[in-house]
Amino acid sequence: MGDKGKKLKVAISVKAVAFELTARAALSFFGMSRAALLPKHVAAVLGFHGEFEAMEQVLTEMRANIDNCLLEGVYIGAMRHYGRKHKVQEAVDVFERMDFYNCEPSVLSYNAIMNILVENRYFNQAHKVYMRMRDKRIVPDVYTYTIRIKSFCRTSRPHAALRLLKNMPSHGCELNAVAYCTVVGGLYEENLQDEAYELFDEMLRSETCPDVTTFNKLVHMLTKKGDVHQSERLLNKVLKRGVSPNLFTFNIFIQGLCKRGQLKEAAGMVDIVKREGLSPDVVTYNTLICGLSNNCRVSEAENYLQKMVNEGLEPDGFTYNSIIDGYCKMGMVQNADKILNDAVFKGFVPDEFTYCSLINGLCKDGDVERAMSVFKEALRKGLKPKSIIYNTLIKGLSQQGLIVEALQLMNEMQENGCKPDIWTYNLVMNGLCKMSCVLDAHTLMSDAMAKGFLPDIFTFNTLIDGYCKQLKMANAIEILNSMWDHEVTPDVVTYNSVLNGLCKTSKSDDVRETFKVMVEKGCVPNVITYNILMESLCNDRKLVEALSLLDEMDTKGLAPDVVCFGTLMNGLCDNGDVDGAYQLFRRMGQQYKLLHTTATYNIMLNAFFEKLNMGMSHNLFLEMIDNGCPPDNYTYRVMIDGFCMTDNVDSAYNFLLDNIKKGFIPSLTTFGRVINCLCLKHRVHKAVGIVHLMVRKGIVPEIVNTIFEVDKKEVAAPKIVLEDLLKKSHITYYAYELLFDGIRDTKLLKKKPRRSCSKNSKKRSSCVKPSLHTPGHTTLFMLCQRCVQLIQGQSSIHPAAENVLNKKWLGYFLCLNSQPPWCNAEDILLEMDRILRPKGAVIFCDQVDVPVKVKKLVSGMRWNTKMVDHEDGPLIPEKV
């Protein structure tokens with residue numbers, strides 16, 4: 001692009017010299033009168049291409065050879081060319097020199113310079129030029145008044161513009177469509193839709209109809225403002241008057257619809273263009289593709305790219321960059337790479353915007369390493385490094401907390417001949433503040449100032465917001481006061497940060513005082529400002545004052561948002577006025593036409609739950625689903641808690657299952673409440689089902705994930721979950737006892753039926769030696785019912801079994817070596833674990849294979865085990 005620009009500039013310069021030589025030759029050959037028009041065209045071409053030095057040379061030649069009285073049109077053209085390039089002072093100089101060179105300015109010259117001043121927002125200077133024209137008794141024409149009307153509208157004085165429009169006939173000027181549409185646009189800018197529409201209708205009734213160019217200007221202003229509906233109303237009016245919209249009209253409508261997010265209507269507008277006999281151009285498709293990409297519908301944008309190519313249109317850099325940027329913002333960098341590779345194959349050369357999009361997308365994904373490689377690739381391909389691409393990478397590094405790397409990149413900028421600007425420093429400061437390193441950010445600002453960079457409003461706002469979030473209000477206010485010393489005026493963002501910090505520190509008096517200062521300094525509060533004021537007043541229990549702010553917002557033309565009503569409803573509920581909160585909840589939709597959100601419904605659900613009015617809560621729950629507000633985890637928690645407190649266990653259980661089905665993970669507290677209620681109602685089977693559901697969903701302590709053997713995990717996980725719930729006081733001990741039995745019974749039901757113990761079984765089982773331990777616990781032996789019956793039928797009974805039969809001990813008798821086995825070892829160990837916990841102990845003594853097997857089983861139950869030799873020495877085969 002740089003080489004092309006140089007070639008273009010050289011070509012224009014060559015043309016300028018050629019025109020100049022041609023002009024001189026024409027002047028000498030044709031004479032002054034016949035060649036007078038040629039220099040005018042030469043000056044026009046030079047001015048159009050921005051070759052102002054050559055243009056001034058042509059003007060000098062003309063002044064020397066042509067009567068200056070004939071040069072007013074040339075001077076007007078020169079002023080307009082300067083005005084297009086925003087060289088206002090140069091345009092004014094041309095106007096002021098006209099008198100000096102004996103070219104008396106007429107109303108045309110005055111109109112030209114006034115229009116340049118108004119377009120560049122020099123309204124006071126334009127008014128002085130108008131008064132100077134009147135002093136010289138130059139009669140204004142219709143264009144003069146139209147320019148004055150435009151000046152009034154752009155200074156938010158549409159009614160003054162309307163009065164001037166009405167007075168134009170009395171000054172001998174016929175009203176035209178341009179003047180009418182200018183006033184209509186001014187009224188729309190000030191949200192005076194009814195007056196604007198009435199004036200437009202009046203224009204049409206007076207048989208004054210705008211042409212398509214004038215109408216397009218009005219529609220463009222409305223769509224930029226986002227008022228597509230009013231544009232459609234006006235279009236319907238002019239269509240009846242025979243005005244046919246052109247492609248530019250439809251492009252404007254497509255742009256407006258995309259800005260409002262009405263993408264389906266925007267896509268339909270492309271089809272209307274074709275039905276009207278017009279062919280969509282690159283601008284049409286680019287507008288739609290950009291709108292789709294900005295609204296995360298990039299795949300559809302890619303489809304329109306294909307349609308565009310099929311219709312013979314060549315996508316440009318804007319087309320590809322829009323889709324690439326859309327994919328990168330969605331975190332789909334691979335799709336962006338695919339589009340880029342295809343575009344490069346077709347001749348597209350990636351520019352700064354392309355690389356900035358890729359770097360930004362990669363940094364958001366946390367792939368900083370690849371973002372750095374893309375940046376280096378851009379430099380290798382000859383892209384001249386500019387601050388915008390450096391700033392994009394520095395922003396990504398800062399947001400990832402890589403401040404050291406960001407500072408290193410700032411140093412590389414200077415080495416590569418690209419100086420950092422204040423925005424570069426702002427990005428690093430913002431990253432530091434997000435990491436709560438506000439003091440370091442403050443030091444960096446001082447360093448930037450020492451290097452000659454002047455802090456801007458964003459610099460101060462970043463620091464103030466950082467200090468306010470840390471509740472260091474003295475530092476924040478000190479920086480606020482220093483802004484005036486640096487000739488930076490605090491804006492509404494500045495004051496909102498300070499107000500929010502004061503509100504969080506419960507300094508309500510300071511909040512009101514700062515708000516007064518804000519208004520006195522001419523800073524206009526916005527909706528966020530009033531939200532903070534409402535929160536401060538609600539915290540102070542000044543609810544009447546807080547509610548009165550709604551009326552104050554109405555008088556100032558501010559529409560309350562959902563946050564306003566949420567703050568007020570919270571305040572009323574905290575004050576116990578649930579009825580008042582509910583009235584405000586209904587008023588929000590009926591009077592202010594605001595759609596309720598999940599958050600507003602949650603406020604009222606919680607309020608009625610605290611009053612144990614679950615009937616009202618349930619009605620609101622059904623209403624929010626009907627209104628398209630999906631319940632969130634908090635909604636279900638409130639409903640489940642409410643049903644548990646009102647003894648509606650079935651509803652609580654069903655809501656819990658529905659909550660999990662929707663993909664939410666309830667808290668352990670919620671699980672515990674439902675389990676406790678089910679146990680109180682002796683519905684142990686459902687409670688056990690919840691525990692197993694928690695295991696299936698992975699809602700288990702971390703220790704469960706360390707058990708890799710499936711069988712062990714299946715046995716141990718429910719028990720560990722149950723113990724964790726008890727340990728954290730989410731379930732009662734009564735529920736724990738019931739559930740432990742329930743989990744064991746469920747486990748037994750899943751086991752296949754085992755053969756009963758044989759009466760002829762002669763091999764005796766290993767024994768568990770009793771051991772006294774913590775007071776309140778006795779070391780125990782216990783047999784299953786079938787084994788007890790078998791033992792009673794035998795002549796020789798193990799002493800431990802005899803204690804069991806005599807009910808002297810509560811304990812266990814392990815039959816690990818019996819053939820066939822007496823009791824399942826896992827079941828007995830689980831039962832031992834239930835009774836012995838939390839501080840029980842047991843000693844096993846048997847052949848070495850038995851303790852090894854026991855140790856393997858109980859390791860999954862989190863037992864502390866230790867194996868030692870027999871007391872008679874290591875040569876004894878029994879181990880303890």
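Student: By class, how many nonpolar, polar and charged residues are in the lining of the largest pocket?
Tutor: The lining has 11 nonpolar, 13 polar and 10 charged residues. Nonpolar here means Ala, Val, Leu, Ile, Met, Phe, Trp, Tyr, Cys and Pro; charged means Asp, Glu, Lys and Arg; the others, Gly among them, are polar. Keep in mind that this is a predicted model: local features need pLDDT of at least 70, side-chain atom pairs count only at pLDDT 80 or more, and totals for chains, interfaces and linings use all residues. Residues are numbered from 1 along each chain as its sequence is written, and side-chain values use heavy atoms, with hydrogens and water left out.

Student: What volume does the largest pocket have?
Tutor: About 1,300 Å³. A pocket is an open set of points on a 1 Å grid over the protein atoms alone, where a 1.4 Å probe fits, with protein on both sides within 12 Å along at least five of seven lines; lining residues have an atom within 4 Å of a point. Points are joined across faces, edges and corners, and the volume is the space filled by probe spheres set on them.

Student: Which lining residues are closest to its centre?
Tutor: Asn 115, Glu 119, Lys 150, Arg 154 and Lys 217, out of 34 lining residues.

Student: And which elements give two or more residues to that lining?
Tutor: α4 (72–84), α6 (107–119), α8 (142–154), α10 (177–189) and α12 (212–225). Helices are DSSP runs of H or I, at least four residues, numbered from the N terminus.

Student: Staying with α4, at what angle do α4 and α5 pack?
Tutor: About 165°, with the axes 8 Å apart; α5 is residues 88–100. Axes are lines fitted to C-alpha atoms over the stretch in contact, and angles run from 0 to 180 degrees between N-to-C directions. The two helices are therefore roughly antiparallel (over 145 degrees).

Student: What makes the contact?
Tutor: From α4, Glu 72, Tyr 75, Ala 78, Met 79 and Tyr 82; from α5, Glu 90, Ala 91, Val 94, Phe 95 and Met 98. Contact means heavy atoms within 4.5 Å. These residues divide into 8 nonpolar, no polar and 2 charged.

Student: New topic. How do α32 and α33 cross?
Tutor: At roughly 165°, with the axes of α32 (562–574) and α33 (578–590) coming within 8 Å. α32 and α33 are therefore roughly antiparallel too.

Student: Which residues make the contact there?
Tutor: Among them are Phe 565 and Leu 568 of α32, and Leu 584 and Phe 585 of α33. The contact has 10 nonpolar, 1 polar and no charged residues.

Methods. Angles under 35 degrees count as roughly parallel, over 145 as roughly antiparallel, 65 to 115 as roughly perpendicular and the rest as oblique.
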